[in-house]
Amino acid sequence: DGGINAGGTIFKFDVGSSSYTVLESFTGTTGLPINLGLSGDMLYGITSLGGANVVGSVFKYDLINDTYSTIHDLELNEGYYRGAKLFLASDNNLYGSLDEGGQNGFGSIIKINTTNDDVTFPFHFSTSTGNTTLRSMITEVCIPPATPTGDSNQSFAEGATIEDIVI
């Protein structure tokens with residue numbers, strides 16, 4: 001909440017000069033920003049409410065050109081409302097979770113492709129899996145190979161064969 005439209009803001013704070021600058025002000029139409037993730041010079045985010053379907057949207061903000069754009073309007077059967085904060089995985093995609101809706105009504109995992117801005121929902125929670133918890137933490141775990149290469153200098157993550165998202 002807050003900002004000139006009482007819908008929240010994206011802002012920057014310069015530590016050296018202690019200056020505060022509002023970059024984007026949200027409204028009831030755009031929704032309230034809830035999850036943010038950074039990839040290069042692009043700040044991606046998810047809003048609750050707002051968007052074409054009034055359940056939120058996915059946006060990006062270009063930090064170099066100071067431009068805001070909606071890249072996807074969320075739908076009830078995809079998932080909506082707050083969940084885990086977005087994180088940038090080793091595949092250069094952003095992942096997070098949404099706590100409501102989805103195909104089974106228990107939320108979903110959201111994937112944002114930072115190369116082409118494609119938004120997909122690779123997993124939908126159900127009664128058997130349970131749903132995400134509000135403000136869940138998501139991280140990436142690399143599993144070492146079943147057979148080490150024999151190199152005594154091999155680190156834990158070298159040769160990893162499986163990556164899991166842990167909520």
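Let's start at I109, which sits in strand β9. Strands here are DSSP runs of E, at least two residues long, and helices are runs of H or I, at least four long, numbered from the N terminus. I109 is buried, at a relative accessible area of 11%. Buried means under 20%, exposed means over 50%, and partly exposed is in between, with a 1.4 Å probe and protein chains only. Ten residues away in sequence is D99, and the C-alpha atoms of I109 and D99 are 8.9 Å apart.

A word on the model. It is predicted, so to speak of local features we need pLDDT of at least 70, side-chain atom pairs count only at pLDDT 80 or more, and totals for chains, interfaces and linings use all residues. Residues are numbered from 1 along each chain as its sequence is written, and side-chain values use heavy atoms, with hydrogens and water left out.

Now the whole chain. How many helices and strands does the chain have? Zero helices and twelve strands. Of its 167 residues, 38% count as buried. The accessible surface comes to about 9,200 Å², and 53% of that belongs to carbon and sulfur atoms. Those areas come from the Shrake-Rupley method with a 1.4 Å probe; for residues, only the protein chains shown count as cover. Next, contacts, meaning heavy atoms within 4.5 Å. Take the contacts between residues at least 6 apart in sequence: 34% of them join residues at least 24 apart.

Next stop, the start of the chain. Strand β1 covers residues 9-14, strand β2 covers residues 19-25, and the two run antiparallel, joined by six bridges. Strands pair if DSSP finds at least two bridges between them. β1 and β2 form a hairpin, with four residues between them. In that turn, S18 has a positive phi of about 60°.

F11, F13, V15, Y20 and V22 make a nonpolar surface patch of about 540 Å². β1 and β2 are the elements that give two or more residues to this patch. Patch residues have over 30% relative accessible area and no salt bridge; like charges are joined within 9 Å, and nonpolar side chains (Val, Leu, Ile, Met, Phe, Trp, Tyr) within 5 Å. F11, in strand β1, is partly exposed at 47%.

Now to charge. Side chains of opposite charge can pair when their charged atoms come close. Which side chains meet in a salt bridge? Those of D117 and K60, at 2.6 Å, N to O. D117 lies in the loop between β9 and β10 (119-124) and K60 in strand β5, so the pair ties together parts that are 57 residues apart in sequence. A salt bridge needs a side-chain nitrogen of Lys or Arg within 4 Å of a carboxyl oxygen of Asp or Glu. The structure holds one.

Are these two residues buried or exposed? D117 is buried, at 18%. K60 is buried too, at 19%. Strand β5, where K60 lies, covers residues 57-62. Leaving out residues up to four places away in sequence, K60 touches M42, L43, Y44, T67, Y68, S69, I71 and D117.

Last, a loop. G105 is found between β8 (93-98) and β9 (108-113). G105 is partly exposed, at 41%. T127 is 22 residues away along the chain, and the C-alpha atoms of G105 and T127 are separated by 8.9 Å.
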